[in-house]
Amino acid sequence: MRLLLFVLLFGLSACANLPFDPSPSPAAGDSASVAGERVEPETRSGSAEAVRELVASSRASRAGGDYSRALADIERAIRIEPRNPYLWLELGETHLIRNDPRQAAATARKAMSVAGPDGAAKAAAEDLLERASRR
Amino acid sequence: MQELKQIFLRAPGRWIIAALLGALLIHVLVVGIGAIRQFEDRRWDIPAGVYAAPLELYAGLPLDAPGLSTALDQLGFRQVDVVARPGQYALEPNRVTLWTRAFRFWDRVDPAARHTVNFGGGRIRSLENANGERMALLRLEPMRLGSIFATHHEDRLLVEPDAIPPILVDALKAVEDRKFDRHFGLDLTAILRAAWVNLRSGEIRQGGSTLTQQLVKSYFLDGRRTFRRKYREAIMAMALELRYDKEALLHAYVNEIYLGQQGARAIHGFGLASEFYFGKYLSQLEVHETALLVALVKGPSYYDPRRHPERALQRRNLVLKTLAELEIVDNQAAAESIDRELGVTARSRVGSRYQPAYMDLVRRQLAAEYSDESIATKGLRVFTSLDPGVQRLAERELVDGLERLQSEDEEAAALEGAAIVTQPATGAVIAMVGGREIAADGFNRALDAKRPVGSLIKPFVYLAALQSGEYTLANTVEDAPIEVVMESGRRWLPQNFSRESHGEVSLLQALAASYNQATVRLGLATGIEPLLEILVEFGLEEPPPAYPSLLLGAVELSPFQVAGLYSTLANDGFRTPLTAVRSVVDTEGQPLSRTALEVEQVADPNAVHQLNRGLVEVMQRGTGRSSRAYLPDGLAVAGKTGTSDDLRDSWFAGFSGDHLAVVWIGRDDNEPTGLTGAAGALSVWAPMIAAMPATTSYDPAYSADLEPTWIDYDTGLKSRRGCGNAVQILVPEGTRLGRQPGCRNVLGEIGERVRDVIESLGN
């Protein structure tokens, strides 16, 4: 009985705040972890393929040391999905590797500002921010 | 005779003659060398090619088949039934097959290739390559906008030597200069014949000019046709012939000769003329079209095919007959061509390539990094962010809007305006309109018209209040008469637009309805300093004068500066500089510079989100609500109207989820327009945003530090959805608000109590 009451009251507390129509948030099941591990970019609409391809291309360029190209590709992706936090994170990783910790930190903050309720993205952004401030 | 011999043999006579000959020789040398020098300068003044942003195709992009067809036409693609080579496309109701041309981008070369684009539901559904495999992304070649000349701001559509159609060359020689290949700059028989005709008629009637002479005339000299001119022309022509071969001269001629006029803008060269008259590339012209262009050489105004079609037709057919006579075309082809109509387009389609306002911005941004000299270095290619579709849209809405607004007010001078569209997330300037005369290369109001911004400043006043932590939009402020004593001792009594005061109102309402007195009160309470800091952080190069009147927008800014400020708002408080140039590449394709996407956090995103929610309310309930008539139901936008003293300036600045646009309307003579921001600028802004392709609702994700809550629009007290004047805003989590009588959310209140209890249990 007390459990039932507790559940009822708990349910009522949810009435306290009717949220906005939630923005389509990145899928909950994305594989992301904090400590510098790869965060797969989740995308929200039909542009998923295009964005994934650009991210893949950007990573390849980054791995090969062609930072200009890496930046150009991820920027193209951002033009397509400007509010995708994972794209900003990719941008930040490239800035970090090419020794621009200031921009890396700034893009991490930008990623945080568009992450909204996406906990994984926020965590990854905080991690990037931390690594950037260590430099 | 004997006397002459005497004079010549005598010493002084000999010297005089020698001196005269010497002077003549020097004169000829000077003129000749000068000619070669100037030719050299202009010849190597190969314009930097400036390109718009490439259209990127991907599944999900809002675009339909006709839309892609328009874009391809703009790029000079030819619509055909069956695609057979690069530069062609075929159009079906929900599919486009195309063969792209090879293009060297700033990062790589894309080879020519076949593609298929499938559409559905107003979007691209899929992309396929030549093998039928699915593609994720296809970047079309960008539209070439024009050129930047260091020495003279004229436009060219340069035709490379191997792109000059042979028939054009043959026709030019046949009609203008049959002995071109053989002469040394002058055609003596032609000159003599012309001289004979002119002498008999008493005036200069016939030309007798070779192509080289015509080239010289167009390069250096004005149109005066005196004998002295002809003499100089002759020397220069011969000098050029000595120095350069026939191909080089022809190449220069094809790109230089004057062929028409578009308002204040001269049309030089066959490449541009081909576009100007026929909307086609030179390589796409048919025989009768080529013949018309050649016919125009003799007198582009006199034979203007749009103004004097009969004359143009007659001369064109004369040209065609000549071509048949000389067997350059066979008789049948000539006969068929003679039967064809002129075929010129009704209005020049060059307009979409010619972007003086945007090019102005490009030039200025390049000038900071490149000296005039290095821009003039041959072959620089400049890639910009211009979106041709949005540019056309902005131009159309501004021009149509100004015409509409103008007609309601007869006596006053012409209304003028400016518009800028950006993508705040990247800082890219995608469209810019500098005034009503789109093709005019004059005063660029978007960059240079500094006008009092009026109420456009208010969001920044409220942002300062929100950032201080002492206010939310639910707090109240008194909208009542206030007297401000300035440093000089003078008194300032700000008035509301309606001359009424509204008493104690929520900050939300004061912002949405743009109350002056409430804003001044709030601004003075928060202090002018924070406002100044915000303005500088958000992009102003220098802080404006710190007078209290700044709170109501007593500062003069250009639309471009306003766009910079609002861009930072749209971007959650992250500043990204507005840029038009994406990258610059040299002839070899080596990147010279690239504008990197850089961001800097300059405000608390939570404060900005709260403010922007208020700006959304401006458009729902406030001074911007007339926009709702234009905007589709699901499209949420944020913005602010701006009206300066005496209604001299009508402003609107606002953004959707993807785009920001600023519109200004006013008079160049600064006289009142009678238009508020809503009546004027907003009536241009709203249809423009509504028609913007691929723009989405402003509905950003915000952090967990904020929570949405319903308040009463007037009192700022806590309310609930659907009750009275309830509006939803964002407040910092845990903000406690008083309750709006009659609009209690009982369940919600109980829930809050329970939550408090649970939380306190956890501590």
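**Close-up 1. A disulfide joins Cys723(B) to Cys743(B), with 1.8 Å from S to S.** The model is predicted; local features need pLDDT of at least 70, side-chain atom pairs count only at pLDDT 80 or more, and totals for chains, interfaces and linings use all residues. Residues are numbered from 1 along each chain as its sequence is written, chains are lettered from A and ligands numbered from 1 in the order in which they are written, and side-chain values use heavy atoms, with hydrogens and water left out. A disulfide is a covalent bond between the sulfur atoms of two cysteines. Here the term stands for a pair of cysteine sulfur atoms within 2.5 Å. A search of the whole structure, over all chains, finds 1 disulfide.

**Close-up 2. The surroundings of Cys723(B) and Cys743(B).** Cys723(B) sits in the loop between strand 31 (706-712) and strand 32 (726-732) of chain B. Cys743(B) sits in the loop between strand 32 and helix 24 (746-762) of chain B, so the pair ties together parts that are 20 residues apart in sequence. Helices (H or I, at least four residues) and strands (E, at least two) are DSSP runs, numbered from the N terminus. The torsion about the S-S bond is about -75 degrees, so the disulfide is left-handed. Both cysteines, Cys723(B) and Cys743(B), are buried. Buried means under 20% relative accessible area, exposed over 50%, and partly exposed in between (1.4 Å probe, protein chains only).

**Close-up 3. The contact between chain A and chain B.** Chain A gives 45 residues and chain B gives 51 residues. Contact means heavy atoms within 4.5 Å. The two chains bury about 4,100 Å² between them, 53% of it on carbon and sulfur atoms. Buried area is the accessible area (1.4 Å probe) that two parts lose on being put together, summed over both.

**Close-up 4. A salt bridge between Glu56(B) and Arg76(A).** Their side chains meet at 2.7 Å, N to O. A salt bridge is a side-chain nitrogen of Lys or Arg within 4 Å of a carboxyl oxygen of Asp or Glu. Between chain A and chain B the count is 4 salt bridges. On the side of chain A that touches chain B, helix 3 of chain A gives the most, with 10 residues.

**Close-up 5. Asp360(B) in helix 13 of chain B.** This helix covers residues 356-369. At 16% relative accessibility, Asp360(B) counts as buried. Asp360(B) touches Asn444(B) and Leu447(B), not counting residues up to four places away in sequence.
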